[in-house]
Amino acid sequence: MKKKLYITRAVKLIALMLAILLSSALLQQYVLCHYDGNRMRIDGYYLEDKNSLDVVFIGSSDCYASFAPGLAYEKFGFTSYAYATSSSTAGATKTMVKEVMRTQNPQLIVVEINAFLYGYDNDTITSSVRNYIDHVPLNANKIEYLSSGNIPSTEDEVEYYLPIVKYHSTWNDYPEPSGKYLLQIIKQHINGSTKLKGYRTCTEKYVPKKGIPSINNTLENNDKSMTLIPEYEKKLRDFLEYCRDQKIENVLFMRAPHIVDRTVYNRFKRGNAAGKIINEYGYDYINFERDPVTLAYPPEEYYNIDHLNLYGAEKFTEYFGKILTEKYGVKESNLTKAQKADWENAVEYYHRLYDYCDNFFNTEYKTKGATQTLEENLNVMRYIDDYAEKGIMPEVYTTAPPTTEN
């Protein structure tokens with residue numbers, strides 16, 4: 001009799017423990033976690049069908065602000081995604097490539113090199129680290145990253161495995177700002193994919209600061225270089241050696257278009273130095289900070305010094321897409337019927353976003369100076385849909401992102 005009682009109690013205890021574990025897992029996956037555009041973008045990447053992406057961009061915000069996957073699919077027929085986060089770290093680059101190789105078989109991986117060009121150690125900044133690794137599913141690559149000294153020394157490694165410990169008070173944020181992301185992420189999982197494929201923009205036009213003019217018209221033949229800070233040169237060489245040792249040949253390095261003035265001129269020179277190191281290992285490097293076509297983009301086609309706006313991204317997507325297909329042999333996707341429908345939906349949604357953003361520029365921004373960040377969240381999607389279907393513009397606008405967001 002006692003034996004039966006002990007068994008019953010043990011079963012109840014195990015069931016309770018399993019219920020607690022399941023509840024905790026669901027809470028830290030969907031509720032008590034840090035929600036922002038980085039989470040939505042990384043989560044959306046893992047919703048893409050395995051081996052269905054032809055080009056994957058990895059790096060910082062330069063990737064998702066410069067290239068529009070929906071437009072690229074419409075113009076060139078290949079699929080792409082910005083597997084990128086704001087202020088992405090150099091230490092995350094290898095893990096990003098490993099995750100891309102684990103989940104996709106792309107024709108090309110495009111690495112934007114901003115992470116190696118900082119004049120300070122961005123890898124010690126908690127937010128920069130967590131912008132990426134917090135949102136990667138638990139697997140061997142994530143464990144290797146966390147156990148290899150890539151997190152700030154002041155951080156507790158346990159909190160990276162159990163983010164609920166760090167973000168347990170996030171419930172205070174609901175319904176805003178976290179709510180707009182929580183409901184959107186649920187919608188993403190129900191739909192099985194995202195609509196913007198990682199793309200994000202802002203309804204603003206850059207105006208050069210008085211006394212700090214752009215020097216873009218002097219850069220095409222400017223080969224001046226500045227040595228990378230030692231830790232970043234080491235990490236860049238380590239990453240290049242990894243790619244070479246693993247015989248990863250489908251990697252292209254690039255520097256996205258920017259407005260260069262005296263405040264970021266040293267970063268431009270570090271970009272030149274990084275390009276020489278990349279070429280040393282036998283990899284191609286395209287520096288759009290020195291390309292005559294992209295150097296001609298006017299300031300009003302950027303939303304700040306580091307990021308193209310809607311109009312600049314449209315130009316760059318068509319320009320870079322042509323390079324990827326004609327020079328690097330990226331071919332049209334071979335998709336299933338369902339995958340084609342998904343990408344045709346992404347094309348339609350890109351045009352919805354473009355029309356909404358274009359109208360916003362010509363009305364709210366022009367007359368009121370209002371700005372809005374456009375990314376994959378519940379509010380933005382509703383605004384875009386309301387304008388496309390009813391011609392209604394929102395009455396509440398978000399503020400523009402910080403000027404330096406890399």
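Ring pairs link Phe-57, Phe-67, Phe-76, Phe-78, Phe-288, Phe-316, Tyr-319 and Phe-320 into a cluster, where rings of Phe, Tyr and Trp (its six-membered ring) pair if their centres lie within 6.5 Å, and where planes under 30 degrees apart count as stacked, over 60 as edge-to-face and the rest as tilted. This is a predicted model, in which local features need pLDDT of at least 70 and side-chain atom pairs count only at pLDDT 80 or more, while totals for chains, interfaces and linings use all residues. Residues are numbered from 1 along each chain as its sequence is written, and side-chain values use heavy atoms, with hydrogens and water left out.

**Aromatic rings**

By the ring rule, the count comes to 27 aromatic pairs. One of them is formed by Phe-67 and Phe-78, which are stacked, with 6.5 Å from centre to centre and 15° between the planes. Phe-67 lies in the loop between α3 (61-66) and α4 (69-76) and Phe-78 in the loop between α4 and β2 (80-84), so this pair ties together parts that are 11 residues apart in sequence. Helices (H or I, at least four residues) and strands (E, at least two) are DSSP runs, numbered from the N terminus. Phe-67 and Phe-78 are both buried, a word that stands for under 20% relative accessible area, whereas exposed stands for over 50% and partly exposed for what is in between (1.4 Å probe, protein chains only).

How are the rings of Tyr-350 and Tyr-354 arranged? Their centres are 6.2 Å apart and their planes stand at 50°, so the pair of Tyr-350 and Tyr-354 is tilted. Both residues lie in helix α15, four residues apart, about one turn of the helix, and both Tyr-350 and Tyr-354 are buried. An α-helix has 3.6 residues a turn, so residues three or four places apart point the same way.

Rings also take part in arrangements with charged side chains, and a charge sits over a ring if NZ of Lys or CZ of Arg is within 6 Å of the ring centre and within 35 degrees of the ring normal.

| Charged residue | Ring | Distance from ring centre |
|---|---|---|
| Arg-41 | Tyr-64 | 3.5 Å |
| Lys-205 | Phe-361 | 5.3 Å |

**Helices α4, α14 and α15**

Six of the eight residues of α4 are buried, so this helix is largely enclosed by the rest of the structure. The buried residues of α4 are Pro-69, Gly-70, Leu-71, Ala-72, Tyr-73 and Phe-76, and what covers them includes β2, α14 and α15. After α4 comes Gly-77, whose phi is positive, near 85°.

The axes of helix α14 (residues 310-326) and helix α15 (residues 337-368) come within 10 Å and cross at roughly 140°. Such axes are lines fitted to C-alpha atoms, for helices over the stretch in contact, and the angles run from 0 to 180 degrees between N-to-C directions. α14 and α15 are therefore oblique to each other, since angles under 35 degrees count as roughly parallel, over 145 as roughly antiparallel, 65 to 115 as roughly perpendicular and the rest as oblique. On the α14 side, Leu-310, Tyr-311 and Glu-314 meet Tyr-350, Leu-353, Tyr-354, Cys-357, Asp-358, Phe-361 and Asn-362 in α15, contact being defined as heavy atoms within 4.5 Å. The residues of this contact divide into seven nonpolar, one polar and two charged, where Ala, Val, Leu, Ile, Met, Phe, Trp, Tyr, Cys and Pro count as nonpolar, Asp, Glu, Lys and Arg as charged, and the others, Gly among them, as polar.

**Individual residues**

Phe-253 lies in strand β5 (residues 251-255) and, at 0% relative accessibility, counts as buried. Leaving aside neighbours within four places in sequence, Phe-253 is in contact with several residues, including Val-111, Ile-113, Phe-239 and Ile-286. The C-alpha atoms of Phe-253 and Ile-286 are separated by 6.4 Å, although the two are 33 residues apart along the chain.

Asn-51, in the loop between α2 (37-47) and β1 (55-59), has a phi near 60°, a positive value in a residue other than glycine. At 46% relative accessibility, Asn-51 counts as partly exposed. Ser-87, in the loop between β2 and α5 (90-103), has a positive phi near 55°, and at 15% relative accessibility Ser-87 counts as buried.

**The whole protein**

The protein has 16 helices and nine strands, and buried residues make up 56% of its 406 residues.
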